[in-house]
Amino acid sequence: MRRSFRVLRYVLIALILFASFVFLNNTSMFSHAREGKPTILAHRGVAQRFDSQGITNDTCTAQRLIPSDHSYIENTIASVQASFSAGADIVELDIQPTTDGELAVFHDWTLECRTDGTGRTRDHSMAELRLLDVGYGYTADGGKTYPLRGEGVGLMPSLREVLKQFPDKRFVINVKGRDIAEGNLLAAHLSELSERQRALLIIYGGGSELIDRVKAQVPDIRIMSGRTLKGCLQDYILWGWTGVMPKVCRGNAMLIPINIAPWLWGWPNKLLDRFENADTPVFITGPYYGGGFSVGMDTADDLARLPDNFTGGIWTNEVTLIARALKRSANAD
């Protein structure tokens, strides 16, 4: 009987010591205060907003505009410049391959929704795409008026042009296709850049196989693929309590929904420190409930869910609103 009590006591002591280790190794209560301000990632940059309720992959969002007080069109040089001027630290771009080996900065698989062109974007040369009006199809009243028609002629740039125009700026590049040849083309473009400029870029989208192919050819580029995002989250949940960062979480980038982040080991400061030490920036997105299209931290209520003095990344579709809100908060402090 006494032996059973001794064994039970040792088990309880071991459990208490283990629980204490897990708590102390993951609480931010005793962590040093992180310095700096949040990093704002402008998804789609300063762009025309649309009603996202009920959209599918086939929805022409240009025909569902919410009336706007500006004329900026996503994926243009002017929109990128406006995004950085508004307070963005990073701007997200979409790319499509062209028949002459360039990468057009454009969102849609086909041209009919937003432009006066027809057919698949990738079936045209960059010279042909530059002739199009990228504001042609935008309407906020069901087609009665097209306020941006004629404003976007010649505004579709190539990725090469954007990176040349903004050589010191950070970008997240969304590969829209899944063809491995597209990954090879992107890898060739990235290899032409300096190591310093590649360090400013993150590549995502396009399917895990394509993105992994880019990483294999350009090992120093940061990526986000379905494999790395899911793998990192799963492995961090399993092993993050030890303080050891899983291999898949190293040297890439990570998206974490705001409703999941508080449940992860070390949130907020220890988690951010661990990912920072693993050379992997973390960006907080809007809440994830299954499905959804690029949900961002887009309102003051979203920002209120972040911990005080948060210094990680913020993924937003409303860069102007979020940048202003963060500035007001900083001034109030």
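Reader: How do the side chains of arginine 114 and aspartate 108 meet?

Author: The two side chains meet in a salt bridge, with 3.0 Å from N to O. Side chains of opposite charge can pair when their charged atoms come close. Here the term means a side-chain nitrogen of Lys or Arg within 4 Å of a carboxyl oxygen of Asp or Glu. Before we go on, a word on the model: it is predicted, so local features need pLDDT of at least 70 and side-chain atom pairs count only at pLDDT 80 or more, while totals for chains, interfaces and linings use all residues. Residues are numbered from 1 along each chain as its sequence is written, and side-chain values use heavy atoms, with hydrogens and water left out.

Reader: Are arginine 114 and aspartate 108 buried or exposed?

Author: Burial is read from relative accessible area: under 20% is buried, over 50% is exposed, and partly exposed lies in between (1.4 Å probe, protein chains only). Arginine 114 and aspartate 108 are both buried.

Reader: Which residues are linked with them in a network of salt bridges?

Author: The network links Arg44, Glu74, Asp108 and Arg114. Let us look at glutamate 74. To place it, note that helices (H or I, at least four residues) and strands (E, at least two) are DSSP runs, numbered from the N terminus. Glutamate 74 sits in the loop between strand E1 (39-42) and helix H2 (77-86). With a relative accessible area of 6%, glutamate 74 is buried.

Reader: What joins the side chains of glutamate 74 and arginine 44?

Author: A polar contact of 2.2 Å joins them. Such a contact is a pair of N or O atoms within 3.5 Å; within protein, one must be able to donate a hydrogen and the other to accept it, and residues adjacent in sequence count only if both atoms are side-chain atoms. A plain contact asks for heavy atoms within 4.5 Å. Leaving aside neighbours within four places in sequence, glutamate 74 has contacts that include Val46, Ser79, His107 and Tyr138.

Reader: How many salt bridges does the structure hold?

Author: There are 15. One of them pairs glutamate 192 with arginine 160, at 2.7 Å from N to O. Glutamate 192 is in the loop between helix H5 (180-191) and helix H6 (195-198), and arginine 160 is in helix H4 (residues 159-165), so this pair ties together parts 32 residues apart in sequence. Glutamate 192 is exposed, at 54% relative accessible area, whereas arginine 160 is partly exposed, at 36%.

Reader: And with which residue does aspartate 220 form a salt bridge?

Author: The partner is arginine 198, with the closest N and O atoms 3.1 Å apart. This pair links distant parts of the chain, 22 residues apart: aspartate 220 is in the loop between helix H7 (208-217) and strand E6 (222-224), and arginine 198 is in helix H6. Aspartate 220 counts as partly exposed at 36% relative accessibility, but arginine 198 counts as buried at 13%.

Reader: How many disulfides does a search of the whole structure find?

Author: A disulfide is a pair of cysteine sulfur atoms within 2.5 Å, and the search finds two. In one, cysteine 60 is joined to cysteine 113, with an S to S distance of 2.0 Å. The torsion about that S-S bond is about 85°, so the disulfide is right-handed. This pair links distant parts of the chain, 53 residues apart: cysteine 60 in the loop between E1 and H2, and cysteine 113 in the loop between strand E3 (103-105) and helix H3 (126-129). Cysteine 60 counts as buried at 17% relative accessibility, and cysteine 113 counts as buried at 14%.

Reader: How far apart are the sulfur atoms of cysteine 232 and cysteine 249?

Author: They are 2.1 Å apart, in a disulfide. Its S-S torsion is about 115°, so this disulfide is right-handed. Cysteine 232 lies in helix H8 (residues 226-239) and cysteine 249 in the loop between H8 and strand E7 (254-257), so the pair ties together parts 17 residues apart in sequence. Cysteine 232 is buried at 2% relative accessible area, and cysteine 249 is buried at 1%.

Reader: Back to H2: which strands and helix do its buried residues pack against?

Author: The buried residues of H2 pack against strand E2 (90-97), strand E4 (170-175) and helix H11 (319-332). Among the buried residues in H2 are Ser79, Val80 and Phe84. After H2 comes glycine 87, whose phi is positive, near 125°.
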